[in-house]
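Morning, everyone. I'd like to walk you through one model today. Have a look at it first, please.

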Amino acid sequence: MTRVDFTPDPDLYPFQSRWFDSSAGRMHYIDEGTGPTIVFFHGQPMWSFLYRNIIADLRHDFRCIAMEYLGFGSSDRPAGYSYRIEDQIQMTGQLIDHLGVDDYITVGLDWGGPISMGVAVDRADRVAGVVLGNTWFWPREGLRNRLLYGTLSCAPVAWATLHRNLFVERVIPAATSRALTSAEMDHYRGVQPSPEARVALPHMPKQVYGCRPLLDRLAHEVPARLGAKPTLIPWG
């Protein structure tokens with residue numbers, strides 16, 4: 001079991017840390033504000049810090065919940081955990097059920113798309129609306145996708161992810177619309193301080209094709225069970 005010891009700057013992350021003991025390990029989450037509930041699902045290599053400004057604005061009118069999957073943020077890195085997307089959906093669903101979340105708006109970015117939809121289709125009667133941005137929940141087809149994710153999941157990139165923190169040091173700066181401050185970058189580095197803390201990251205690109213049965217199911221069930229829900233799809 002690897003546990004990250006990181007304390008965010010309260011000026012950047014003015015929220016109370018909370019903890020949930022899932023069946024596989026301890027998960028970190030925040031639960032801010034009152035009103036209609038919004039649940040935020042992050043991507044890779046992000047954590048709930050990604051949504052800090054949105055939550056700071058919305059918590060005056062909404063209940064905002066943002067968790068970190070096992071292997072991300074301040075959540076545990078359990079020994080022997082698979083980091084399969086199906087298992088992340090199961091653990092996150094346990095948190096949703098534990099909190100008794102009902103009539104909620106689900107928000108997913110990047111890997112938060114398939115994870116949030118996996119949670120939502122099994123709780124469709126408890127979902128009030130869907131927000132998806134820069135994500136997917138269906139099988140990724142085509143040569144371009146296979147080349148991209150094949151490259152991201154190859155051994156040299158996996159090594160650089162573990163030992164050089166590739167996704168934080170290179171992908172985050174390249175993928176953001178503005179230059180992040182040194183303090184903001186330190187918050188992404190701080191929750192991934194060692195190869196042991198980054199163990200989940202090399203698994204994610206492999207899951208694009210490794211979780212094909214799940215994506216096939218979601219491609220069918222999301223329109224069938226959630227298609228009538230109010231939906232917003234912002235895109236970069």
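Which residues form one aromatic cluster? They are F6, Y13, F15, W47, F49 and Y188.

Some ground rules. This is a predicted model, where local features need pLDDT of at least 70 and side-chain atom pairs count only at pLDDT 80 or more, while totals for chains, interfaces and linings use all residues. Residues are numbered from 1 along each chain as its sequence is written, and side-chain values use heavy atoms, with hydrogens and water left out.

Now the rings. Searching the whole structure gives eleven aromatic pairs. Rings of Phe, Tyr and Trp (its six-membered ring) pair if their centres lie within 6.5 Å; planes under 30 degrees apart count as stacked, over 60 as edge-to-face and the rest as tilted. Take F49 and Y188. Their ring centres are 5.3 Å apart and the planes are at 80°, so this pair is edge-to-face. The pair links distant parts of the chain: F49 is in the loop between β3 (37–41) and α1 (52–58), Y188 is in helix α7 (residues 182–190), and 139 residues separate them. Helices (H or I, at least four residues) and strands (E, at least two) are DSSP runs, numbered from the N terminus.

Buried or exposed? F49 counts as buried, at 0% relative accessibility. Y188 is buried too, at 4%. The cut-offs: buried means under 20% relative accessible area, exposed over 50%, and partly exposed in between (1.4 Å probe, protein chains only).

Next pair: F137 and W138. Here the ring centres are 4.9 Å apart and the planes at 75°, so they are also edge-to-face. F137 is buried, at 13% relative accessible area. W138 is partly exposed, at 37%.

Charges over rings come next. A charge sits over a ring if NZ of Lys or CZ of Arg is within 6 Å of the ring centre and within 35 degrees of the ring normal. The charged end of R26 sits over the ring of W19, 3.8 Å from its centre. R140 lies over the face of W136, 5.1 Å from the ring centre.

On to the cores. In soluble globular proteins, nonpolar side chains tend to be buried together. A nonpolar core here is a set of buried Ala, Val, Leu, Ile, Met, Phe, Trp, Tyr and Cys residues joined through side-chain atoms within 4.5 Å. The largest has 43 residues, and V39, M67, I85, M117 and L226 have the most contacts inside it. Elements that each supply at least two of its residues include β2 (26–32), β6 (127–135) and α8 (203–210).

What does V39 touch? Leaving aside neighbours within four places in sequence, V39 is in contact (heavy atoms within 4.5 Å) with I65, M67, I96, V101, Y104, I105, T106 and V107.

Last, the backbone. Most residues other than glycine have a negative phi, and most peptide bonds are trans. Where are the exceptions? The peptide bond from Q44 to P45 is cis, with omega near 0°. P45 is in the loop between β3 and α1. Y83 has a positive phi, near 60°. Y83 is in the loop between β4 and α2, and is buried at 2% relative accessible area. N165 has a positive phi of about 50°. N165 lies in the loop between α5 (155–164) and α6 (166–175), and is buried at 3%.
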